[in-house]
Amino acid sequence: MRVFIVSLLLSLCAVASDVDRAQKLYDHTDYQAALEVLNKSSEGKSAAGWELAGKSSYQLGDFKRSIEYFEKAVQAEPSKSVYVNWLGRAWGRRAETANPFMAPGYASKARQFFEKAVALNPRDVEAVNDLFSYYLEAPGFLGGGMDKAMTLAEQIRTNDPAEYHFALAQIAQRRKQYDLAEGQLRKAVDLAPKQVGRVIDLARFLARRGKYGESETIFQQAAKVDPNSKRVLYARAEAYIDTNRNLDVARKLLNEYLQAPLSPEDPSREDARRLLKRVTAD
């Protein structure tokens with residue numbers, strides 16, 4: 001009897017944890033397997049399930065399907081800024097991969113959802129950052145603009161002071177104010193010295209400005225901040241390739257990266273393969 005009860009409980013846990021199982025697969029970048037679990041489960045027909053299916057499709061590059069899933073998540077919970085923001089991201093990526101006739105309309109949809117997400121939750125850091133990036137990158141006829149980016153930067157200051165200085169650095173680079181940009185990146189590192197991404201941002205900038213020696217030092221600092229971070233490998237390789245130096249080292253770093261366990265926050269293996277193709281022909 002006890003064995004039967006234990007088996008029943010395990011079965012119930014398995015049924016109740018389909019989204020959790022899919023989340024673990026997603027966290028290990030097995031996006032197709034995560035989708036298969038969700039599509040076979042009744043739990044996948046929930047806001048959380050549709051969100052995870054949307055994110056998995058997004059990571060697989062199926063942005064049309066990703067939009068369909070996120071639309072269902074938003075319909076189920078329209079006030080949740082995270083779902084709305086991801087819907088904006090999916091439209092944005094679809095715009096990037098669409099033909100020139102369709103891309104402007106898709107980009108406008110991305111902006112609308114980014115703006116809606118920020119309106120729903122002004123303290124949603126990712127939503128505010130995504131909207132800032134849109135304003136900074138998009139032309140005025142698509143709702144972008146430097147003035148809008150500057151205004152939103154003040155909101156970023158409230159949410160994350162380090163991110164605020166990173167935002168100012170991006171604006172300065174757009175204006176070709178490179179000394180100012182470098183100063184802002186250094187302030188971001190000073191405010192968040194344990195965030196490896198901040199250190200990587202500075203190292204990459206220095207490499208682009210030809211300050212190779214200091215860039216190497218900062219990359220070494222990044223590796224010490226988070227010895228387990230795989231992003232350091234990718235970023236160093238990218239910096240070498242972009243500046244056409246240390247290409248043999250770049251190959252080794254990318255091959256090491258491709259063999260490492262990654263997370264959804266890391267550049268994808270497909271990104272790494274594309275980067276590797278830039279040097280394998282040499």
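Which helix holds Ser 66? Ser 66 belongs to helix H5 (residues 63-76); helices are DSSP runs of H or I with at least four residues, numbered from the N terminus.

This is a predicted model, in which local features need pLDDT of at least 70, side-chain atom pairs count only at pLDDT 80 or more, and totals for chains, interfaces and linings use all residues. Residues are numbered from 1 along each chain as its sequence is written, and side-chain values use heavy atoms, with hydrogens and water left out.

View 1. Ser 66 counts as buried because its relative accessibility is 0% (buried means under 20% relative accessible area, with a 1.4 Å probe and protein chains only). A polar atom of the Ser 66 side chain lies 2.8 Å from the backbone oxygen of Gly 54. Not counting residues up to four places away in sequence, Ser 66 touches Gly 54, Ser 57, Tyr 58 and Ala 90 (contact means heavy atoms within 4.5 Å).

**View 2. Helices H6 (residues 81-97) and H7 (residues 103-120).** Their axes, lines fitted to C-alpha atoms over the stretch in contact, come within 8 Å and cross at roughly 165°. H6 and H7 are therefore roughly antiparallel (angles over 145 degrees, on a scale from 0 to 180 between N-to-C directions). Residues making the contact include Trp 91 of H6 and Phe 113 of H7.

**View 3. Helices H13 (residues 212-225) and H14 (residues 231-242).** The axes of H13 and H14 come within 10 Å and cross at roughly 165°, which makes H13 roughly antiparallel to H14. Glu 216, Phe 219, Ala 222 and Ala 223 in H13 meet Val 232, Ala 235, Arg 236, Ala 239 and Tyr 240 in H14.

Notes:
Helices (H or I, at least four residues) and strands (E, at least two) are DSSP runs, numbered from the N terminus. Buried means under 20% relative accessible area, exposed over 50%, partly exposed in between (1.4 Å probe, protein chains only). A polar contact is a pair of N or O atoms within 3.5 Å; within protein, one must be able to donate a hydrogen and the other to accept it, and residues adjacent in sequence count only if both atoms are side-chain atoms. Angles under 35 degrees count as roughly parallel, over 145 as roughly antiparallel, 65 to 115 as roughly perpendicular and the rest as oblique.
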